[in-house]
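I opened this entry to record what I looked up, chain by chain. The sequence and structure come first.

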Amino acid sequence: MASLGFIDGVRREIARMGSRPAYLIGMIIIPLAVTLFFVSLLSEGLAQRLPTAVVDYDHSPMSRQVTRTIEASQLMDVRYHAESYDKAMEKVRSGEVFGFFVIPANFESDALGGRTPTLEYFSNMTYFVPGTLVTKGFKTVAVTTSGGVVRNTLVSLGVDPERIGGMLQPVVFDINPLANPWMNYSIYLTPSYTMATYALMIMLMTVLSVCGEIKDGTSRQWLATAKGRISVALLSKLLPHTIVYWAVGLFITWVFFGWQHFPMNGSLGWMIAATFLLAVASQAFALFVCSALPNPRMAFSVCSLFGVLSYSFTGFAMPVDNMYGAIAAFSWTAPVRYWFLVFSGNALNGYPMYYWRLYMAGLLVFPMLCWVLARRLKKAMLNPVYIP
Amino acid sequence: MNPFRKIAGGFSAMARVFGNELRTIIHDPGVLLFFVALPLVYPIIYTLIYNEELVREIPVAVVDNSMTAESRQLVRMASASPTIEIYAQCPNMADAKRLMAERKVFGIMEIPANYSKEIGNGRSAHVTFYSEMSRLLRYRDFVSALADLQIEMTGEIAKQRIENAGMESFLSAEASLPVRSQSNFLGDTQQGFASFVIPGILILILQQSMLLGIAMLAGTSRERRRRNGGIDPLGVVAPPLATVWGRTLCYTTVYAAFTLYDLHIVPLMFNLPHFGSATEYLPFILPMLLATAFLGQSLAPFMRERESPFILIVATSVVFLFISGLTWPRYAMMPLWRALGDIIPATWGIEGFVRINNNAATIADNTRPYLWLWGLTVLYMCTAIAAQMLIERRENRKRTQCAGSSQVD
């Protein structure tokens with residue numbers, strides 16, 4: 001090993017990493033800061049007591065009962081009793097409430113007289129989570145109210161109260177959210193967004209260290225340390241980084257499953273392996289970009305563009321199957337997508353490895369393919385040209 | 001000195017800075033990438049990613065343990081829902097679960113053996129639905145599709161039952177229940193994903209691309225100074241206030257066209273919600289652009305190299321998107337993150353713009369974000385001046401050092 005210049009290369013790289021604060025910030029501080037950001041931002045798991053308004057045009061005992069039902073809901077906080085639709089709409093426009101509930105005039109008499117009044121509710125879908133939750137809360141109130149009216153009437157008509165439930169709700173759907181029965185929002189967002197940031201920073205830092213040599217004009221010296229072998233030069237440069245990324249990745253894995261107790265229904269060992277492979281795959285991806293475009297600005301631009309887009313390919317709500325085919329195809333070039341699929345198959349759903357083995361293998365393809373253009377990179381290293 | 005002359009001198013220095021900055025930007029392809037390509041191309045890429053809007057026809061497996069006319073009726077009604085596509089009928093749960101593990105289906109509907117018996121007896125039949133949870137959107141759509149299905153079934157069956165009980169008079173002719181309910185969605189009426197997320201992203205793109213470009217200009221200037229003994233050969237000598245304002249006006253001018261493009265043309269191009277008036281959202285966004293330009297200059301001392309913004313700023317985009325409260329309400333955040341959100345121009349920009357754009361609000365409805373943006377403009381103007389003074393002091397120190405060392409030689 002020593003004769004190949006590998007040890008010298010590693011020593012040289014460690015000295016380079018220590019010489020600039022950018023390495024400390026980009027490799028350790030930013031990934032950890034973003035991890036802690038997501039963990040603490042969504043620590044509540046589910047938003048509650050959303051500000052809402054009620055417009056009561058009826059002012060009857062029954063309408064007051066409806067208002068009380070809304071007030072009693074855990075999801076909603078009735079901040080305003082608006083006198084009209086327009087006043088409530090103003091509150092939506094100024095962002096003071098996320099939705100409002102309208103009880104029409106003559107509600108009680110119409111309901112009891114069989115003239116079918118309509119309860120209307122409005123939710124501001126401009127805000128995704130609050131809008132959805134408010135809709136859900138209002139819907140429950142509307143259904144409860146409707147059921148309550150029928151129940152009272154039927155009881156007064158002499159129907160056996162025990163039979164009323166079946167009469168009104170012939171079919172009940174019991175929906176089971178598998179692996180996340182608490183509907184914890186953090187379980188979706190935190191792992192995917194944190195790991196996408198982790199992968200993004202690895203790509204950027206790899207570009208910094210590889211293309212930085214071309215910029216500084218030190219790439220020839222770097223290659224000379226490795227006795228002119230590009231493979232030794234790259235391995236000795238990237239291995240010290242890999243170890244730092246693995247340590248950071250291990251810490252993030254601990255934050256997810258040890259500290260935050262995200263569901264771990266599969267194997268923790270494979271999850272750690274996937275994280276390690278993600279780090280290497282992201283390095284390999286950036287290396288490929290640097291070889292194709294050995295110019296710091298271009299390589300940085302491509303990696304940031306790709307890294308930022310991969311947030312959309314992995315996390316949050318929109319499934320890739322629902323994107324346009326051409327865009328969905330791109331998602332398979334993002335290493336973090338494979339990590340996410342291993343996470344949902346292994347940790348979240350606890351499927352046997354058979355079902356996610358291909359995604360693990362996918363992560364291995366990146367480090368194998370990144371050598372294709374290594375010769376091109378070597379050429380650029382021998383004649384470093386910095387294009388600002 | 002005549003105070004009028006002093007003011008005139010300040011303005012002419014500002015004009016020189018403006019012209020010089022514009023020249024620098026035009027001759028720097030890296031900065032042009034941030035200032036031009038990003039606001040032009042990114043909104044299109046993002047909208048294309050999310051443009052399918054709705055999650056439709058999610059594959060579902062059915063395990064029908066009842067195998068009766070009633071249960072087949074339920075499956076038929078479920079498959080009529082736009083959200084649900086019956087991918088397969090499985091003989092047992094194990095098969096259905098395997099399909100789910102293979103990611104062929106994302107939901108399983110299990111109909112119990114006693115389904116038709118319960119319905120026939122006038123009791124509630126319980127159907128179990130399992131939703132795969134790796135994506136939130138699928139679950140949300142399953143819940144609302146099943147709620148609709150339940151209401152539909154209730155309408156059909158309950159009406160029949162109440163009639164059977166001899167109480168038709170109780171029901172009005174056209175409705176099965178005494179109270180109807182009507183759900184209305186404001187702002188994003190189709191509940192589409194692009195319609196919800198793109199207006200916020202547009203504002204964030206304006207802020208982040210401007211910050212990246214300004215930071216790259218600062219890092220490049222720092223490199224030039226390092227090479228030239230503390231002097232930037234492409235710089236202009238001007239008082240800090242004139243320098244900072246000259247640059248800010250230059251950046252804002254460059255962004256005027258892109259702002260119109262991002263906030264007006266992009267929503268039109270993709271048919272996104274676009275209800276607000278341009279006379280409301282353009283004046284609203286002006287202080288955000290000014291505050292962002294000043295914020296970028298305040299960060300200048302941290303940019304040691306041309307490539308620094310890639311390391312320091314790119315990753316902040318996702319943090320700023322979440323901190324703005326677009327997906328997660330701000331009042332439910334930790335005070336620390338709320339405070340950080342308060343000092344980011346895009347937080348207020350997004351808050352005001354989405355209300356103006358999606359809910360047809362006015363600036364008058366959004367006085368709080370509007371005043372915050374002007375407040376941030378003043379705050380960051382002060383920090384930008386301080387940063388500029390710091391940079392100049394560093395320059396002077398380096399210059400005297402260089403002068404000193406050359407004398408010794």
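I count two residues as in contact if their C-beta atoms, placed from the backbone, lie within 7 Å. The model is predicted.

**Chain B, overall**

In chain B, 79% of the contacts between residues at least 6 apart in sequence join residues at least 24 apart. I then listed the secondary structure: 14 helices and five strands. The radius of gyration of chain B is 30 Å, well over the 22 Å that the globule rule gives for 409 residues, so chain B is more spread out than a compact globule. I also checked the box around the C-alpha atoms of chain B, which is roughly 105 × 45 × 40 Å along the principal axes. Of the 409 residues in chain B, 49% are buried.

I looked up the domains next. Chain B is divided into domain 1 (3–51 + 196–408) and domain 2 (58–170). Their C-alpha centres lie 53 Å apart.

**Chain A, overall**

Chain A has 16 helices and five strands. Its radius of gyration is 29 Å, while a compact globule of 388 residues would have one near 21 Å. The C-alpha atoms of chain A fill a box of roughly 95 × 45 × 40 Å along the principal axes. Buried residues make up 49% of the 388 in chain A. For contacts in chain A between residues at least 6 apart in sequence, 78% join residues at least 24 apart.

The domains of chain A are domain 1 (2–43 + 182–382) and domain 2 (50–168). I find 50 Å between their centres, taken over C-alpha atoms.

**Where the chains meet**

How many residues of chain B are in contact with chain A? I get 90 residues of chain B against 90 residues of chain A. Several elements of chain B give two or more residues to this side, among them helix 2 (29–50), strand 4 (125–131), helix 7 (193–227) and helix 13 (345–359). The largest share, 16 residues, comes from helix 6 of chain B. By class, I note 52 nonpolar, 23 polar and 15 charged residues on the side of chain B that touches chain A.

Strand 5 (residues 171–177) of chain A pairs with strand 4 of chain B in the parallel sense, over seven bridges. Asp174(A) stands opposite Thr128(B) there.

**Strand 3 of chain B**

Within chain B, Thr128(B) in strand 4 is the bridge partner of Glu110(B). Strand 3 and strand 4 of chain B run antiparallel, joined by four bridges. Strand 1 (residues 58–64) of chain B runs parallel to strand 3 of chain B, with five bridges. I located Val60(B) opposite Gly107(B) in strand 3.

Is strand 3 of chain B enclosed or open? Five of its five residues are buried, so strand 3 of chain B is largely enclosed by the rest of the structure. Gly107(B), Met109(B) and Ile111(B) are buried on one side, and Ile108(B) and Glu110(B) on the other.

**Helix 4 of chain A**

I listed the buried residues of helix 4 (residues 85–93) of chain A: Ala88(A), Met89(A), Lys91(A), Val92(A) and Arg93(A). These pack against strands 1, 2, 3 and 4 of chain A, together with strand 5 and helix 13 of chain B. Just after helix 4 of chain A, Gly95(A) takes a positive phi of about 75°.

**The nonpolar core**

The largest nonpolar core has 234 residues. Phe100(A), Leu204(A), Val207(A) and Leu278(A) have the most contacts inside it. I picked Val207(A) and left aside its neighbours within four places in sequence. Its contacts then include Ala286(A), Val289(A), Phe300(A) and Cys303(A).

**Positive phi in chain B**

Most residues other than glycine have a negative phi. I looked for exceptions. Arg103(B) has phi near 60°, and Arg103(B) sits in the loop between helix 4 (93–101) and strand 3 (107–111) of chain B. With 18 C-beta neighbours inside 10 Å, Arg103(B) counts as partly exposed.

Ala360(B) has a positive phi of about 55°. I place Ala360(B) in the loop between helix 13 and helix 14 (367–408) of chain B. Ala360(B) has 18 C-beta neighbours inside 10 Å, so it counts as partly exposed.

Note on methods. Residues are numbered from 1 along each chain as its sequence is written. Chains are lettered from A and ligands numbered from 1 in the order in which they are written. This is a predicted model: local features need pLDDT of at least 70, side-chain atom pairs count only at pLDDT 80 or more; totals for chains, interfaces and linings use all residues. Ala, Val, Leu, Ile, Met, Phe, Trp, Tyr, Cys and Pro count as nonpolar, Asp, Glu, Lys and Arg as charged, and the others, Gly among them, as polar. Two strands pair if DSSP finds at least two bridges between them. Domain bounds come from an automatic or database domain assignment. A nonpolar core is a set of buried Ala, Val, Leu, Ile, Met, Phe, Trp, Tyr and Cys residues joined through C-beta atoms within 7 Å. A residue is buried if 20 or more other C-beta atoms lie within 10 Å of its own, exposed if 12 or fewer, and partly exposed in between; C-beta atoms are placed from the backbone. The radius of gyration is taken over C-alpha atoms; the globule rule is 2.2 Å times the number of residues to the power 0.38.
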